[in-house]
Amino acid sequence: MEATALVKVAVLGAGSWGTALAALIARHGHPTVLWGRDEKIIAAIDQRHENPRYLPGIALPGSLRATTDLADAMREADLVLVVVPSHAFAQSLRTLAPHRPPHAGVAWATKGFEPGSGRFLHEVAEEVLGECVPLAVVTGPSFAKEVAQGLPTALTVHGCNDDFAKLVADVLHGPAFRAYTGNDMLGAELGGAMKNVLAVATGVADGMQLGLNARAGLITRGLNEMLRLNHAIGGKAETLMGLAGLGDLVLTCTGDLSRNRRLGLALGRGQSIEDAVREIGQVVESVQTADEVMRQAQRHGIELPISSAVQQVLHGEITPAEGLRLLLAREQKPEYPSGLFG
Ligand SMILES: NC(=O)C1=CN([C@@H]2O[C@H](COP(=O)(O)OP(=O)(O)OC[C@H]3O[C@@H](n4cnc5c(N)ncnc54)[C@H](OP(=O)(O)O)[C@@H]3O)[C@@H](O)[C@H]2O)C=CC1
Ligand SMILES: O=C(CO)COP(=O)(O)O
C-alpha cells in the first residue's frame with residue numbers, strides 16, 4: 001500500500017466536529033493544529049487532551065496541538081480544514097485568507113448555505129479566496145462523537161481539483177475511516193444541507209409518535225425532494241444516492257445523536273423551538289438551512305412539501321399537527337410523475 005506523505009493540517013473550529021476531525025487526522029500521524037476561539041477549551045485540548053465542552057470524556061491524541069492564535073495554527077499548513085457553523089463560514093474564510101500559505105488548499109466540513117443569500121459554501125469560498133485556490137467539501141454520515149471514539153465511518157470528499165480532493169481524503173482515510181472522493185461540490189453540499197431539514201421532519205414525526213411507517217415515508221419522500229432540487233441546480237444524481245445524500249439522510253433522520261433530529265423530536269413533543277435549541281446547546285443548522293433550501297426551491301420553481309412544512313414549523317407559522325395535516329391532505333399522484341426527478 002502506498003504510504004501517505006505527512007501533511008501539515010490546520011483545523012479551524014474546535015466544536016465537536018472540528019475536534020473529532022483534528023483528532024482523527026492527528027491519529028493518522030499528520031502534524032495537526034486545532035484553532036478555536038475559547039481559551040479554556042483550547043487549553044484543555046492542548047494540555048489535558050480533552051474537549052470538555054463538546055466531546056467530554058473522550059481522550060484526544062497527545063500529538064494534537066491546539067491554539068487560539070490563528071496565524072500560529074496556519075503557519076506552514078499544507079491543508080486548511082474549516083469546521084465552523086455555516087453562519088460563521090464566510091467571515092472565517094475572510095479572517096484566514098491573509099494567513100494561508102500560498103500552496104495550501106482549503107477544505108470544509110461545514111454543512112449548510114450562507115444564511116441570507118443562500119449561496120453554496122463553495123461559491124462563498126471561491127469569492128473570498130479566489131478561483132485558483134484548491135477547494136473541497138468533506139461530507140457524509142458521520143457523528144462527531146463516534147469518529148472521536150474511533151468507530152468505523154465512511155464519508156466523501158468532493159472537490160473541483162481531483163488532486164486536492166484526494167489529498168484531503170488521504171489524510172482522513174485510515175484503519176477505521178474510509179474517505180471516498182468525487183467532483184460534485186454542488187450535489188455534495190446540497191445533500192449535507194438538506195438532510196438536516198429532513199431530519200427535523202422525521203424527528204417531529206417520531207416526537208408525535210406517528211410510527212415507523214411515517215418515518216420511512218418521510219425519509220423516502222425527503223430523498224425525492226433532495227433529488228429534484230439537486231437535478232434543478234445541476235448536481236449529479238449519484239452524489240445524492242451515496243454518502244453525501246442517502247447515507248447522511250438515513251443517519252440524521254434515525255440517529256438520536258443528531259441535533260437536528262433532536263430538535264424535531266422536541267417540537268413534536270410540544271416543546272418551543274427556543275427551549276429545544278437552548279437545551280441542545282450546540283449548532284442546529286436546520287434552523288437557518290430550511291429558509292435557504294426553500295429560497296433555492298423558489299428560485300428553481302420546485303415544490304418541496306416536507307421541507308416547506310419544516311420551515312413553517314420552525315418559524316412557528318404552523319404547529320407540527322398542522323404540518324402533518326398539510327402533508328396528508330396533498331393531492332394523490334403518481335410516485336414519479338415524470339421520471340426520478342419529476
Ligand atoms: N457534530 C457533527 O457530528 C457534525 C457536524 N457537522 C457540521 O460541522 C459544522 C460545525 O458543527 P459542530 O462542530 O458540530 O458544532 P458545535 O456546536 O459542536 O461547535 C460549534 C463550534 O463553532 C464555533 N463557532 C461558533 N460561532 C463561531 C464564529 N462566529 N467564529 C468562529 N467559531 C465559531 C464554536 O465556538 P465557541 O465554543 O467558542 O462558541 C464551536 O467551537 C456544522 O456545519 C455542522 O453541521 C458535519 C458533520 C458532523
Ligand atoms: O451532520 C451530521 C452527521 O453526518 C451531524 O448531524 P447533526 O448536525 O444533526 O447533529
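This is a short talk on a predicted model and the two ligands placed in it.

Okay, let's start with ligand 1. There are 26 residues around ligand 1, and the closest ones are Gly 15, Ser 16, Trp 17, Ala 88 and Gln 282. If you look for the element that gives the largest share of that shell, it's helix α1, residues 16-27, with three residues. By class, the shell comes out as 11 nonpolar, 11 polar and four charged residues.

Now ligand 2. Here we have 13 residues in the shell, and Ser 142, Asp 248, Ser 258, Arg 259 and Asn 260 come nearest. Their classes are four nonpolar, five polar and four charged. Three helices each put in at least two residues: α8 (185-207), α11 (243-254) and α12 (259-268). Which of them gives the most? That's α11, with three residues.

What does the record say about this place? UniProt, in an unreviewed entry, has a "binding site" annotation that covers Lys 111, Gly 140, Ser 142, Lys 195, Asp 248, Ser 258, Arg 259 and Asn 260.

Ser 142 sits in the loop that links β6 (135-139) with α6 (144-148). Buried or exposed? Ser 142 is buried, because it has 24 other C-beta atoms within 10 Å, and the cut-off for buried is 20 or more. Leaving out residues up to four places away in sequence, Ser 142 touches Val 147, Thr 153 and Leu 155.

Asp 248 is in helix α11. Asp 248 also counts as buried, since 29 other C-beta atoms lie within 10 Å. Setting aside neighbours within four places in sequence, Asp 248 is in contact with Thr 139, Gly 140, Pro 141, Gly 191, Gly 192, Lys 195 and Leu 243.

On to the strands. β7, residues 153-159, is mostly covered, with six of its seven residues buried. On one side of the pairing story, β6 and β7 run antiparallel over four bridges, and Ala 136 stands opposite Gly 159 in β7. Then β7 also pairs with β8, residues 177-182, this time parallel and through six bridges. For an example there, take His 158, whose bridge partner in β8 is Gly 182.

Next, the core. The largest nonpolar core has 108 residues, and the members that touch the most others are Val 80, Leu 81 and Val 168. Helix α8 supplies the largest share of this core, 12 residues. In general, nonpolar side chains in soluble globular proteins tend to be buried together. Looking at Val 80, and skipping residues up to four places away in sequence, the contacts are Ala 10, Leu 12, Met 74, Leu 96, Arg 100, Ala 104 and Val 106.

As for domains, the unreviewed UniProt entry places "Glycerol-3-phosphate dehydrogenase NAD-dependent N-terminal" at residues 8-163. That stretch is 33% helix and 20% strand, with its end C-alpha atoms 16 Å apart.

Last stop, Gln 311, in helix α15, residues 305-314. Gln 311 counts as buried because it has 25 C-beta neighbours inside 10 Å. Not counting residues up to four places away in sequence, Gln 311 touches Ala 290, Asp 291 and Met 294. And Gln 332? From Gln 311 that's 21 residues along the sequence and 23 Å in space, C-alpha to C-alpha.

Definitions and conventions:
Residues are numbered from 1 along each chain as its sequence is written. Chains are lettered from A and ligands numbered from 1 in the order in which they are written. This is a predicted model: local features need pLDDT of at least 70, side-chain atom pairs count only at pLDDT 80 or more; totals for chains, interfaces and linings use all residues. A residue is near a molecule or strand if its C-beta atom, placed from the backbone, lies within 6 Å of it. Ala, Val, Leu, Ile, Met, Phe, Trp, Tyr, Cys and Pro count as nonpolar, Asp, Glu, Lys and Arg as charged, and the others, Gly among them, as polar. UniProt positions are given in the numbering used here, feature names are shortened, and annotations may be inferred rather than shown by experiment. A nonpolar core is a set of buried Ala, Val, Leu, Ile, Met, Phe, Trp, Tyr and Cys residues joined through C-beta atoms within 7 Å. A residue is buried if 20 or more other C-beta atoms lie within 10 Å of its own, exposed if 12 or fewer, and partly exposed in between; C-beta atoms are placed from the backbone. Two residues are in contact if their C-beta atoms, placed from the backbone, lie within 7 Å. Two strands pair if DSSP finds at least two bridges between them.
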